[in-house]
Amino acid sequence: MTTLESAWILLGQQLRKPAGVGGRLLARAMGLINGRLIALPSRPCTSRRMIRFLSLASAPAGRSKPWLARQLKDRSFGIDHSAVMSLQASRLNLRAIQDGRVRLVQGSLDALPWQDGAVDKCLAVHVAYFMGAKEIREARRVLRSGGKLAVLVTDKGAMAHWKFAHPSTHRQFAASDLTKLLLDGGFSREEMCVQRVSLGMGIPGLLALAIKSTA
């Protein structure tokens, strides 16, 4: 393996779990990028589909975490396995945390620290690359009957050309792969749909929307 290849893998590892000084810089960049994906621009876009599905109001430009906290009537929960990302989210949501409207924890997505049926809505933006069926099962477990899950990823057709998205650090998804992930995680085909979307700048994406059956 060349030095350049090793550097790309190192970047992929940092994207998977930011750590140290490099991780802090990367966390800031990811916060801006993901915030702009969730924020609603002036034209119809992927963000509008997620926001409409989750029954939230339109987002202003900028980072999304504080805005999401303001939209939810009840408490909002967030989890990340990276200490760097958890600290960033805590700083961005400081007021909401102090008011008791937001609770952020550092932990694993395959062992969520919430009771069955405790959550109304779940949003996962560019994290499914690091998830498997166990993590989806956990998301389904904490959703109430009728609860909603939205999962956004970049399409494999684009990621296959990104050298940092190495198989050792990132899962890549075609529409069938994302469908299978949710099926393996306990959702039925009747409970979900997977849509092809645009992430902007010609980058294709996939949006999975699922509603936990009330039956």
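Trainee: What makes the contact between the side chains of D120 and R144 a salt bridge?

Mentor: Keep in mind that this is a predicted model. The cut-off is 4 Å between a side-chain nitrogen of Lys or Arg and a carboxyl oxygen of Asp or Glu. For D120 and R144 the N to O distance is 2.6 Å, so the pair passes that 4 Å cut-off. D120 sits in strand β3, residues 119-125, and R144 in strand β4, residues 143-154, so the bridge ties together parts 24 residues apart in sequence.

Trainee: Why is D120 called partly exposed?

Mentor: Buried means under 20% relative accessible area and exposed means over 50%, with partly exposed in between. D120 has 35%, and R144 is partly exposed at 35% too.

Trainee: Which residue forms a salt bridge with R140?

Mentor: That's E191, and the closest N and O atoms are 2.7 Å apart. R140 belongs to helix α7 (residues 133-142), while E191 is in the loop between α9 and β5, 51 residues apart.

Trainee: How do you know whether E191 is buried or exposed?

Mentor: Its relative accessible area is 11%, and buried means under 20%, so E191 counts as buried. Not counting residues up to four places away in sequence, E191 touches R140, G186, L209, A210, I211, K212 and S213.

Trainee: What else can you call the meeting of the E191 and R140 side chains?

Mentor: A polar contact, at 2.7 Å. The limit there is 3.5 Å between N or O atoms.

Trainee: What separates K180 and D184 in helix α9?

Mentor: They are four residues apart, which means about one helical turn. The general idea is that an α-helix has 3.6 residues a turn, so residues three or four places apart point the same way. K180 and D184 form a salt bridge, with 2.7 Å between the closest N and O atoms. Both are partly exposed: K180 has 49% relative accessibility, and D184 has 36%.

Trainee: How many salt bridges does a search of the whole structure find?

Mentor: Seven. Some join up: D116, E138 and R141 are linked in a network.

Trainee: How do you know which way β3 and β4 pair, parallel or antiparallel?

Mentor: They pair in the parallel sense, over six bridges. Two strands count as paired with at least two bridges, so β3 and β4 qualify with their six. As an example, V119 stands opposite L143 in β4. Together β3, α7 and β4 make a right-handed β-α-β unit.

Trainee: And what makes β4 and β6 a pair?

Mentor: Seven bridges join them, and these strands run antiparallel. In β6, the partner of L149 is A210.

Trainee: What do β5 and β6 form?

Mentor: A hairpin, with five residues between the strands. G200 in that turn has a positive phi of about 95 degrees. β5 and β6 pair in the antiparallel sense over seven bridges, and S198 has P204 as its bridge partner in β6.

Trainee: Why is strand β6 called mostly covered?

Mentor: Six of its eight residues, 204-211, are buried. In helix α5 (residues 83-92), the buried residues include V84, M85 and S86. At the start of α5, a side-chain oxygen of S82 reaches to within 3.2 Å of the backbone nitrogen of V84.

Trainee: Let's do rings. Why is the pair of F77 and W114 called tilted?

Mentor: Planes under 30 degrees apart count as stacked, over 60 as edge-to-face and the rest as tilted. F77 and W114 have 40 degrees between their planes, and 5.3 Å centre to centre. F77 lies in strand β1 and W114 in the loop between β2 and β3, so the pair ties together parts that are 37 residues apart in sequence. F77 is partly exposed at 27%, whereas W114 is buried at 12%.

Trainee: What makes the pair of Y129 and F130 edge-to-face?

Mentor: Their planes are at 75 degrees, so the pair is edge-to-face, with the ring centres 5.9 Å apart. Both residues are buried.

Trainee: How many aromatic pairs does the count come to?

Mentor: Three.

Key
Residues numbered from 1 in each chain as written. Predicted model: local features only at pLDDT ≥ 70, side-chain atom pairs only at ≥ 80, totals over all residues. Heavy atoms only, no water. Helix = DSSP H or I, 4+ residues; strand = E, 2+ residues; numbered from the N terminus. Buried < 20%, exposed > 50% of the residue type's maximum accessible area, 1.4 Å probe, protein only. Polar contact = N/O pair within 3.5 Å; in protein donor to acceptor, adjacent residues only side chain to side chain. Right-handed = clockwise from strand over helix to strand, strands pointing away. Contact = heavy atoms within 4.5 Å. Phe/Tyr/Trp six-rings, centres within 6.5 Å; stacked < 30°, edge-to-face > 60°.
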